[in-house]
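Subject: Structure handover

Hello,

Please find the structure below, followed by notes on what was found in it.

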Amino acid sequence: MSAPLVVARDLVKHFPLSRGVFLPGDQSVHAVDGVSFEISRGETLGLVGESGSGKSTLARLLTRLLEPTSGSVMYDGTDITTWKPRRLRPLRREVQMVFQDPYASLNPRRTVGSIVGEPLRVQGIGTKTERRNRVRELLQVVRLNAEHYNRYPHEFSGGQRQRVGIARALATTPRLVVADEPVSALDVSIQAQILNLLEDLQGEFGLTYLFIAHDVNVVLHVSDRVAVMYLGKLVELSPADELDTRPIHPYTEALLSAVPAVDGVEPGRERIVLRGDPPSPAAPPPACRFHTRCRYATEICRTVEPPLVPHGNGHLAACHHPLNVGVAAARERLGHV
């Protein structure tokens, strides 16, 4: 197998909080806490979790829009963790983002041609005429018309605006595209069109995706593997098909139970309602962070942090009471295979 394109090792990002009457001492928001994973070339890795679980912060760490508190980010075999902005500038050609809100991510005062062509101008790619021709080609690639070049964002629908955002991300021919909830602000019918477009573009340009969403159904549909985050921690990592049929972490089980079925209730899957609200990331629970809402929690969950360990078939989970674990997987976890 070829070397992975992206490797994250023990990534940590804490945001310090200002001291005051209600915040005595030094406190910080634990947005990402010790996350490690790899993304292979040409793969789509899905990242799922509740709002506030640290998904978007993790994406910004990988793209070096944020500097990690500790840990490392490797891109194409090179450690980019401590690179300064000037050194990162050439890397921006290869790593691009598609943002969640197609209404806020486009400058309403600029034409579509100017918006899509801006990365080319900033990177000094081509002449003015060459950039104009490249933008027209990109608009056609994302299923828009070249005549849309001189229009403004307010003249487009939400789905069309997101296509403009995708065209902008493709302008510098990137290798890695981070899609941060790219369809959550769109109608369901439009979501399907954008997901199909992303899949077609991946095959056409050989792209690698980090696809972020809070909708498990969408993530399972588009991803090769899925990583599940809860309160800044990676709690499960698995091939998509395996995760859908054999969730191991109780949090994943609860997420999957919330996926609506065609007939109302999926056979053999109990609807699980998590108790309470997610704890504050400024004061996360000790040991297993999910134990305050977990129906399987015992004393060890409150005192010992569970490691992320294998459970067979490339399936990793961090839980003291793993679900759906057979004898073969248990033996592999213990190192007997």
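Starting with the pocket lining: β2 (27-39) and β10 (233-239) each contribute at least two residues to the lining of the largest pocket. Strands here are DSSP runs of E, at least two residues long, and helices are runs of H or I, at least four residues long, both numbered from the N terminus. β2 gives the largest share of that lining, four residues. In total 19 residues line the largest pocket, and Lys233, Leu234, Glu305, Pro306 and Ala318 are the ones nearest its centre. Its volume is about 240 Å³. Sorted by class, the lining has eleven nonpolar, three polar and five charged residues. For the classes, Ala, Val, Leu, Ile, Met, Phe, Trp, Tyr, Cys and Pro are nonpolar, Asp, Glu, Lys and Arg are charged, and the others, Gly among them, are polar.

On the basis of all this: the model is predicted, so local features need pLDDT of at least 70 and side-chain atom pairs count only at pLDDT 80 or more, while totals for chains, interfaces and linings use all residues. Residues are numbered from 1 along each chain as its sequence is written, and side-chain values use heavy atoms, with hydrogens and water left out.

Cavities and pockets were found on a 1 Å grid over the protein atoms alone: a cavity is a set of points where a 1.4 Å probe fits but cannot get out, a pocket is an open set with protein on both sides within 12 Å along at least five of seven lines, and lining residues have an atom within 4 Å of a point. Grid points are joined across faces, edges and corners, and a volume is the space filled by probe spheres set on the points. The structure has three cavities of 30 Å³ or more. The largest cavity has a volume of about 60 Å³. Its lining includes Cys288, Cys294, Cys301 and Cys319, along with His249, His291, His320 and His321. By class, seven of the lining residues are nonpolar, four are polar and none is charged.

Overall, the protein chain contains eleven helices and twelve strands. A compact globule of 337 residues would have a radius of gyration near 20 Å, and the 21 Å of the protein chain agrees with that. That radius is taken over C-alpha atoms, and the globule rule is 2.2 Å times the number of residues to the power 0.38. Along the principal axes, the C-alpha atoms fill a box of roughly 65 × 50 × 45 Å.

β2 also belongs to an open sheet of four strands with antiparallel pairing, in the order β2-β1-β4-β5. β2 and β5 are at the edges with a single partner strand each, so one side of each has no neighbour in the sheet. Two strands count as paired if DSSP finds at least two bridges between them. β1 and β2 are joined by ten bridges, with Leu17 opposite Gln27 in β2. Five bridges connect β1 (residues 6-17) to β4 (residues 70-75); Val6 has Tyr75 as its bridge partner, and Arg9 has Ser72. β4 and β5 form a hairpin with two residues between them, and Asp76 in the turn has a positive phi of about 55°. Helix α1 (residues 55-62) lies across β1, β2 and β4 at about 120° to β1. Angles run from 0 to 180 degrees between N-to-C directions, with axes fitted to C-alpha atoms, for helices over the stretch in contact; contact means heavy atoms within 4.5 Å.

β10 sits in an open sheet of eight strands with mixed pairing, ordered β6-β7-β8-β3-β9-β10-β12-β11. Its edge strands are β6 (95-98) and β11 (309-310), each pairing on one side only. Helix α6 (residues 188-205) packs on this sheet, touching β3 (44-48) and β8 (208-213), and its direction makes about 160° with that of β8. β11 and β12 (residues 316-317) run antiparallel and are joined by two bridges, where Val309 stands opposite Ala317.

Regards
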